[in-house]
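Please look over the model shown here before reading on. The paragraphs that follow lead through it part by part.

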There are 2 protein chains.
Amino acid sequence: MVTGDRRRRVTITDVADHARVSTTAVSKVLRNAYGVSAAMRAKVQAAIDELGYRPHNAARAMRGRTFTIGVLLPHIRNPFFAEILDALTEEISGHGYQAIMVQGGDADPEAERRASDALVDRQVDGVLMVAPACTKAQLEALARSVPTVVLGRHDRSALYDCVLDDDEVGAELVVEHLIALGHRRIGHITQRDPLSGRPAALLQTIRARTYERVMAEHDLADQIALAATAYTEEGGYEGARELLTRAPRPTAIFAGSDQVAFGALAAIHEAGLAVPGDISVAGYDNARMIRLAHISLTSVDQNGAIMGKIAGRLLLERIGGRAAAVRFAVIPTLVTRRSTAPPRSRG
Amino acid sequence: MVTGDRRRRVTITDVADHARVSTTAVSKVLRNAYGVSAAMRAKVQAAIDELGYRPHNAARAMRGRTFTIGVLLPHIRNPFFAEILDALTEEISGHGYQAIMVQGGDADPEAERRASDALVDRQVDGVLMVAPACTKAQLEALARSVPTVVLGRHDRSALYDCVLDDDEVGAELVVEHLIALGHRRIGHITQRDPLSGRPAALLQTIRARTYERVMAEHDLADQIALAATAYTEEGGYEGARELLTRAPRPTAIFAGSDQVAFGALAAIHEAGLAVPGDISVAGYDNARMIRLAHISLTSVDQNGAIMGKIAGRLLLERIGGRAAAVRFAVIPTLVTRRSTAPPRSRG
DNA sequence: CTCAGAGTGGGTAACGTTACCCATCGCGTG
DNA sequence: CACGCGATGGGTAACGTTACCCACTCTGAG
């Protein structure tokens, strides 16, 4: 225990002096590098423990690795992100890595670029982009300067790895489920596209397109009712209000995410309608809270824990030198609960 | 637009060469330092823009500021944190600062220490600790090495600033509200204390103590019913189940947070009871989602936006050199909604 | 006309770490 | 016995930036 108020940081030189070896030797021990005897390792480790030394990250960043993974999230309002982050953290911390997060700003490509720049400027060893709203070109530019894994987009690129949920399967499960229950007038709430380019790689686009496709396959193309708002509670509220004004009213709503479904439930309740009596509602993400009894929302589970774990592993591999791009898709499953049921009156 | 695949970062030297000035001059412009003419400033700025230069943060960290604020959150599952973070970001970004977040691990002092170490190692200019679970001594140790603001704790320290909600006022508002409605058997769900020391500075402790005090003041000390679980949906669910087994059953539950209240609603629903018919429920935080029609939870609003903004300002001031400690308390307000009502049968 | 002092710009030595290279020591082999 | 080579440890030059100090040029007052 060192006393004294304004104490200088313990540096690698202090450790080297204390162990009577060179700074190079200490550095080798720290990095598990080649050319260190067991005796040397023990001696240095003892000095490190005794002095309470921790490597200075900024200094490391000047020469080598920072042992830091940057995670860019659109925002921290979606509990699904928490599951991904927890799994990622667990996967990388065993290898001495630390995750830092920055907010990208929902569907704001400019803010997102600033945020990813911030990570690059802070010299992270790898970046995980969670559901980014920017263009593929921007992602590739990023991937050129730092190992990159993109989560939740359907792009294919030779420069970065992808971890994603097979949103086509998920959306199909929902729509087929609703149709099998007997619904014909099924509405969908999706996210307004942020970019003029309308990148077909965005998960909300896939879900919406699949909804349209499955509807058409069942000869229900004329029943398609899309509300384009946002993947938030507010978006769900507005989207549902809009769908409820249609005549005839939909008997089921496929919400693009659980948050959207949550907002939709509010609008439905406010309109004096019952779930699932008057309207069935299904979400996407299987967030923890929607499982609870008073919500009990039918939803698509996309196993965020596995996605986070894989994303971490892919990042470590890329940092380790892998150049070939990898794509990993989770196959989602449908979890039916009490928010979906056959429509009240047929025909 | 520079081409070439593996391109080197643009450095301050490149900018200096391009503008035909010294690196010192460029550095001065970057930092808005004294001793730069308008002509110099313009010339350097032009070179910066032309080359697309961005300062290398790690290099800065070796000598001066990193223009980075570290935010330690227990987790990212509480939407209230998002409000704080948004306001903080807005406040500091105007001054060129960027916020990075790390997860502290809920109620795990060891994980929390690792996380705050990680921020210090990454040479952040200031740290915002949101609802930390560690001891005051640990916070003071941190504050000795980096400007620190603590949000959501009631400690008083000469070494760091505090931003907090007056949880005593908030808890009082809730309990007084329930009593005024006619409730006598009022239960409370709180968080089990993580530390053996039982720091009276934790917000959950304040809320629980205030609940007990107000109950006693109304001669309801014998009606006190405490369930100690966790500030999560699961904690609320378990806590409510426990309280519902008591005989006679409480007619109202004051949940320590909105998430807790949310879980409690599930347990109440599962037990076949109605809210507020059979049981009133009140939360704390006034999270956005609980305002929605189908939840409509009575809650305490503690204005996270102002707290985040103030926290940012205090950090900037501390980085600027202020040494005197500051304490800023927000006075919360009660927002009554449809989850609280008079008990069904009096007496 | 001299000189003080403000205003401006630059030279340089750090900051803590690692990559690269070299020196040394044993030991086994031709 | 000489030689080569693997194993080990160390010396040193970066990495990009800023703090500190110094040099030079004006301007205006004495």
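Two residues are in contact if their C-beta atoms, placed from the backbone, lie within 7 Å. This is a predicted model, in which local features need pLDDT of at least 70 and side-chain atom pairs count only at pLDDT 80 or more, while totals for chains, interfaces and linings use all residues. Residues are numbered from 1 along each chain as its sequence is written, and chains are lettered from A and ligands numbered from 1 in the order in which they are written.

Chain A can be read through its domains, whose bounds come from an automatic or database domain assignment: domain 1 covers 12-62, domain 2 covers 68-165 + 303-330, and domain 3 covers 167-302. Between the C-alpha centres of domain 2 of chain A and domain 3 of chain A there are 27 Å, and 17 residues of domain 2 of chain A are in contact with 17 residues of domain 3 of chain A. The side of domain 2 of chain A that touches domain 3 of chain A has seven nonpolar, six polar and four charged residues, where Ala, Val, Leu, Ile, Met, Phe, Trp, Tyr, Cys and Pro count as nonpolar, Asp, Glu, Lys and Arg as charged, and the others, Gly among them, as polar.

The contact between the chains takes 42 residues from chain A and 42 residues from chain B. On the side of chain A that touches chain B, H11(A) gives the most, with six residues; helices (H or I, at least four residues) and strands (E, at least two) are DSSP runs, numbered from the N terminus. By class, this side of chain A has 21 nonpolar, 11 polar and 10 charged residues.

DNA strand C is surrounded by 28 residues, of which A:Ile12, A:Ser27, A:Ala59, A:Gly64 and B:Met62 are the closest. The largest share of the surface near DNA strand C, five residues, comes from H2(A), and that surface has 11 nonpolar, 12 polar and five charged residues. Around DNA strand D there are 28 residues, and A:Met62, B:Ile12, B:Ser27, B:Ala59 and B:Gly64 come nearest. Here H2(B) gives the most to the surface near DNA strand D, with five residues, and the residues of that surface divide into 11 nonpolar, 12 polar and five charged.

Within chain B, how do two of the helices cross? The axes of H1(B) and H3(B), lines fitted to C-alpha atoms over the stretch in contact, with angles from 0 to 180 degrees between N-to-C directions, come within 9 Å and cross at roughly 120°. H1(B) and H3(B) are therefore oblique to each other, since angles under 35 degrees count as roughly parallel, over 145 as roughly antiparallel, 65 to 115 as roughly perpendicular and the rest as oblique. In this contact, B:Asp14, B:Val15, B:His18 and B:Ala19 in H1(B) meet residues of H3(B) including B:Lys43, B:Val44 and B:Leu51.

Some details of the backbone remain. Most residues other than glycine have a negative phi, and most peptide bonds are trans. A cis peptide bond, with omega about -5°, joins A:Ala247 and A:Pro248, and A:Pro248 lies in the loop between H10 and strand S8 (252-255) of chain A. In chain B, the peptide bond from B:Val275 to B:Pro276 is cis, with omega near 5°. B:Asn286 has a phi near 55°, a positive value in a residue other than glycine.

Definitions and conventions: Near = placed C-beta within 6 Å.
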